[in-house]
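Have a look at the fold before reading on.

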Amino acid sequence: VLEIDLSKKGIEISPNLYGIFFEDINYAGDGGLYAELIQNRSFEFPDPMYSWSINVMGKDKAGYVIEKKDPVSTKNPNYLRIVISSLDKGVLLSNQGYQGISLKKGEYYIVTLYARSPDGSIKNINFEVSNRKGNVAFKDFISDIDRKWKKFEKVIMCNQDIDDGRFVILIKEKGTVDLDFISLFPQNTWKERKNGLRFDLVKWLYDLKPSFMRFPGGCLVQGRNMNEAYRWKFTIGDPLERPTIPNFWGYYQSLGLGFYEYFLLCEDLGAEPIPVINCGMSFQGGSYTDMVPLDKLDEYIQDALDLIEFANGSVDTKWGSIRAKLGHPEPFNLKYIEIGNEQWGPEYYVRYEKFYDAIKKKYPYIKVIFGVGPSPSGKIFDDGWNWVKKTGKADLVDEHYYMSPEWFLNNVDRYSTYDRKGPKVYVGEYAAHGVGRRNNLEAALSEAAYLLNIEKYSDIVSMISYAPLFGKEGASQWQPNLIWFNNRSSYATPSYYVLKILNENKGKYVLPFKLLTLKDKADEVISGMIGLGSWQTSVEYKDLRVISNITGEVLYKDNFIDTLKNWTIARGIWTIKNGVFSQSTLSENCFALTGDVNWSNYTIQVKARKISGR
Ligand code: AHR
């Protein structure tokens, strides 16, 4: 029985409790949410022809080379030069996208590319999306190629569903042509934005109604060394000017999905943006750690300050005006920033503190999030919490745990003992990892039990987000994930629906409640007293419990249970003979107390719920 005290409000459930954490892991960004269908569109991967192939048909004499001289963008200097010195059937250049290209019949697609013919020899090229079976989803051409770089754009309707497609360029003229930034996007991105996001994947997020979004990582922010660390300033503006960089998770990212797109997404979702910024340290696992010396940290701290100005500054500020030029004069109302991800130890504290001081000095209203190290045993193994308590320099502490379903069930009260005077907790990453690290019901149910208790401890836990958010079938580095997808479709997991149900049904307060047993709440006193001698009833009762002694003192407490620890409560007709309480015949609807306690020491009153009609 649940006894709810309606006279008090109880703990206020954090209004921002349930959110999401997006990281480009498992091709969640490039090849996933970022709707670009061409992989390595500007030939900037270490192998510039990665995902591309060239096929010289017939008896053509042709070659190709990666050039850097006089590029479209110095940020992306590589481009492809194809030279056909003798023409027969032409040259095919094809891109296999991200594990193939899927297009939908009746939908429109936007092809853009930059081309020039330095000697003016080649004027036209054809292109199509087709698969090995010869199915052609669409085909078109561009003409009027100049001696100077020119941007070409075509919007084309797809006339048949296609999977495992290739984007193919066919050159059927003799001469030289330079190609760069070859891009294919669906027109039907989220909100039909150019350089936009895949509609079905955003829809899952939109339906979840997350109250915040942490981005862009994760280990991705750290990088494997400082050269590969994520710097937000490279991710805004014309995608042509954004460099391609290694992604921590083993592939390359175009940065086409950048901080402006992340802020817009947060706005669309009604989610508070929570950017994570590199703290001047790379990934601390293995042998990777690479750190910015303290006297060189200012540049990174400036990145954080500029980010806040980019998000919130008026259009008269440097970074506010850049935001306005990108199309968003209104501020994004940033309230949080996280410094570093899963970093630990004195090197982190000293760097974090410098960020914290600078941010609080200029933007005292920004809530600064401190990250504690990863937690393989479920216990935070670094002393980050101690540092935060000592200095008081954090508004929230970000904890991560990927544990078994049993761990989640056994730790529902993890936050019962946390110090309420310190900073609040943000569980930035959690997931139950069951057998084979597969998404399953057992994991989701253990998360549900855990999350309900997180609501109960809202006075200390402010926010929580599952991780990772997306996994691409056949291309993931991590599982389980909240939402799975392939090139054509997507589906959510039980863990997603747990979050959705809880978020949609989140209350405002956790009313004070007690879980009562029948000792506290019984329909009637059935027995009178059990005491010396024998006592018997032929009435059958359900849920019979020994409740209190003759004076009304409640005995069904731990100490009394200890006294009676040899007892069991069992179904049956029960009798007491010669002061010894014992069980006799069992029947379906009766309970009995059995034990070898000498009843001469006790006088016991019994309360129970009577079976109706008896
Ligand atoms: O969610 C996957 C990874 O787990 C994150 O990048 C990192 O923060 C954690 O170790």
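Domain bounds here come from an automatic or database domain assignment. The model is predicted, so local features need pLDDT of at least 70 and side-chain atom pairs count only at pLDDT 80 or more, while totals for chains, interfaces and linings use all residues. Residues are numbered from 1 along each chain as its sequence is written, and side-chain values use heavy atoms, with hydrogens and water left out.

Let's start with the pockets. A pocket is an open set of points on a 1 Å grid over the protein atoms alone, where a 1.4 Å probe fits and protein lies on both sides within 12 Å along at least five of seven lines; lining residues have an atom within 4 Å of a point. Points are joined across faces, edges and corners, and the volume is the space filled by probe spheres set on them.

The largest pocket comes to about 540 Å³. It is lined by 26 residues, and those closest to its centre are Phe185, Lys194, Asn195, Gly196 and Pro239. Both domain 1 (11-27 + 199-511) and domain 2 (52-186) put at least three residues into this lining. Helices (H or I, at least four residues) and strands (E, at least two) are DSSP runs, numbered from the N terminus. β9 (108-116), β12 (150-157), β14 (175-186) and α3 (259-269) each supply at least two lining residues, with β14 giving the most, at four.

Next comes the second largest pocket, at about 360 Å³. Its 23 lining residues include Leu37, Lys104, Pro186, Arg198 and Asn487, the closest to its centre. β8 (101-103) and α1 (199-208) are the elements giving two or more residues. Why does this pocket lie between domain 1 and domain 2? Because both domains give residues to its lining.

Now for the ligand. Its surrounding residues (a heavy atom within 4 Å) include Gly218, Trp249, Asn341, His400, Tyr402 and Trp478.

| Residue | Atom of the residue | Distance to a ligand oxygen |
|---|---|---|
| Glu23 | polar side-chain atom | 2.6 Å |
| Cys219 | backbone N or O atom | 2.9 Å |
| Glu342 | polar side-chain atom | 2.9 Å |

Taken alone, the ligand exposes 280 Å², and the protein buries 94% of that; these areas come from the Shrake-Rupley method with a 1.4 Å probe.

Conventions
Polar contact = N/O pair within 3.5 Å; in protein donor to acceptor, adjacent residues only side chain to side chain.
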